[in-house]
Amino acid sequence: MASMLLCFILCFSSLSVSLSEVVVLPLTHSLPKFNSTQLLFKSLSIHSSIRFQQHQQKKQNQSQQISIPLSEVGGYFLSITTGSNPSKSISLVMDTGSHIVWYPCSPYKCFRCKTPPTLLKPPKNASVSCSSPACPAAHRSRSPDPSDICAVAGCPIKLIDNSDCDSYSCPPFYLAYGDGSIIARLHKDSASVPTSSVPSLIPNFTFGCAHKSINEEVGVAGFGPGLLSLPSQLATVYPQVSKGFSYCLGDSSFNNSEIPSSSALFLGLKDESGNSSTEFSYTPILDNPSHPYYYTVGLEGISVGKKYIAAPELVKRVDQNGDGGTIVDSGSTMTTLPKSLHDSVVAELDRFNNERAKVVEDKSGFERCYYFDGDMMNMNLPAVVLHFVGNGNGSSSSVTIPRGNYLVEIYAEKNDPNQRHSLCLTLKNGGDKIGGFGAVFGYFMQLGFEVVYDLANKRIGFGKQPCKALLDKVK
């Protein structure tokens with residue numbers, strides 16, 4: 001897998017800080033290796049589309065489904081080491097759009113995998129009981145009662161009636177990511193994360209040991225809400241994590257050398273009443289009992305320059321059926337909007353960009369690209385502002401998206417007859433969906449922000465600041 005990834009390793013060693021009891025973990029940014037930048041972005045674009053479809057929980061015809069493994073998508077990775085494999089650490093994708101930690105275990109049968117994944121040995125005699133609360137959580141059961149799952153596990157009816165199924169293992173569970181899928185079993189083991197000056201051992205770490213998959217060559221560290229997410233389990237060692245966490249993902253340029261030295265995860269919440277000059281815009285986390293494993297917020301509208309475009313109800317709030325809202329997802333690259341909102345935003349941006357780069361659109365998978373000459377920072381481009389739902393006082397919570405986040409620069413390829421650079425929008429058209437989530441806020445637009453998941457106050461905040469400068473403050 002390493003030969004397929006362009007891994008940008010953080011230049012600083014693992015570190016922890018005493019500032020407000022925040023612990024810092026390094027993140028590694030990895031990109032797949034392609035022959036051209038346009039093919040790279042096409043892979044990322046396709047991944048965002050099918051991941052959005054998976055979030056919509058729409059059943060797809062398997063023969064028509066396009067699968068993109070995580071190794072061909074890249075993302076932000078953290079390392080973890082288990083007690084059964086103390087000499088071998090494994091890299092996992094940090095994903096706020098999923099709720100469980102899993103990784104490939106030997107033996108591992110992967111259909112359509114191109115590169116042999118890094119495998120860990122499953123711990124011996126460490127399976128999780130079907131009666132454990134972790135079992136229905138892994139199976140995404142809406143009920144904490146494990147009776148149905150224990151029946152599947154083969155527990156006799158008399159023992160089920162007496163709640164005495166502890167000796168029966170939790171049956172295998174299935175997870176689909178849109179870009180692939182796995183079948184895994186729950187296990188318990190000790191685990192550690194790379195911090196240097198505080199205890200990092202998690203004594204009863206619960207995770208999925210995957211033995212079968214389609215297209216999945218790397219594991220996932222789920223950061224979504226839920227009993228089995230990595231933050232929930234880290235809170236047993238670092239109690240401050242129960243209040244929240246944040247991350248800062250490098251810079252908006254994939255050619256910028258700052259990326260490998262500035263991406264990090266912060267466990268616990270920093271004290272914003274100190275000397276910080278960064279202003280945060282907060283929006284409430286919306287309750288959604290039908291989909292409890294996602295961070296869902298409300299998007300009221302988008303401003304392009306002086307024009308305000310109201311968002312449809314689907315992305316503003318969650319209805320009584322559990323449909324609607326906007327997912328904040330570190331595992332998706334692009335930001336996906338419903339068709340009406342997407343088309344209105346793109347039409348307004350078209351007014352500032354005259355010449356379409358349709359050849360680049362066809363090759364890269366982006367839905368709108370423009371030719372440009374000179375420096376993007378000197379161009380007459382409009383401000384793009386996302387207006388999230390405010391704190392209940394009738395006001396919105398506005399986040400200004402830098403032009404380097406909503407536009408990606410693609411250099412001209414040698415065989416391009418125009419030999420001109422282009423700018424492509426990091427927006428995807430999610431279509432006119434009925435039911436499911438309304439939109440996904442992907443990590444391209446989060447780059448260069450500290451994104452705060454304030455779990456104690458049930459809100460998410462966005463603060464624009466250089467991630468490297470943020471790290472310098474806590475070193």
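The model is predicted: local features need pLDDT of at least 70, side-chain atom pairs count only at pLDDT 80 or more, and totals for chains, interfaces and linings use all residues. Residues are numbered from 1 along each chain as its sequence is written, and side-chain values use heavy atoms, with hydrogens and water left out.

A disulfide, defined as a pair of cysteine sulfur atoms within 2.5 Å, joins Cys155 to Cys165 with an S to S distance of 1.9 Å. The torsion about this S-S bond is about -80°, so the disulfide is left-handed. Cys155 lies in the loop between α3 (147–152) and α4, and Cys165 in the loop between α4 and β8, so the pair ties together parts that are 10 residues apart in sequence. Helices (H or I, at least four residues) and strands (E, at least two) are DSSP runs, numbered from the N terminus.

## Further disulfides

The count of disulfides comes to seven. One of them links Cys135 and Cys170, whose sulfur atoms are 2.1 Å apart. With 85° about the S-S bond, this link is right-handed. Cys135 belongs to helix α2 (residues 134–138) and Cys170 to the loop between α4 (157–161) and β8 (173–176), so the pair ties together parts that are 35 residues apart in sequence. Both Cys135 and Cys170 are buried.

Cys248 and Cys467 also form a disulfide, with their sulfur atoms 1.9 Å apart. Its torsion is about -75°, so the bond is left-handed. Because Cys248 lies in strand β12 (residues 244–248) and Cys467 in helix α11 (residues 467–474), the pair ties together parts that are 219 residues apart in sequence. Cys248 is buried, with a relative accessible area of 1%, and Cys467 is buried, with a relative accessible area of 1%.

Four strands form an open antiparallel sheet in the order β17-β16-β21-β22; two strands pair if DSSP finds at least two bridges between them. The edge strands, each pairing on one side only, are β17 (307–310) and β22 (396–401). Strand β21 (residues 384–389) is joined to β22 by six bridges, and Val389 has Ser396 of β22 as its bridge partner.

Helix α8 (residues 339–350) lies across β16 (299–304), β17 and β21, running at about 15° to β16. Contact means heavy atoms within 4.5 Å; axes are lines fitted to C-alpha atoms, for helices over the stretch in contact, and angles run from 0 to 180 degrees between N-to-C directions.

Terms used. Buried means under 20% relative accessible area, exposed over 50%, partly exposed in between (1.4 Å probe, protein chains only).
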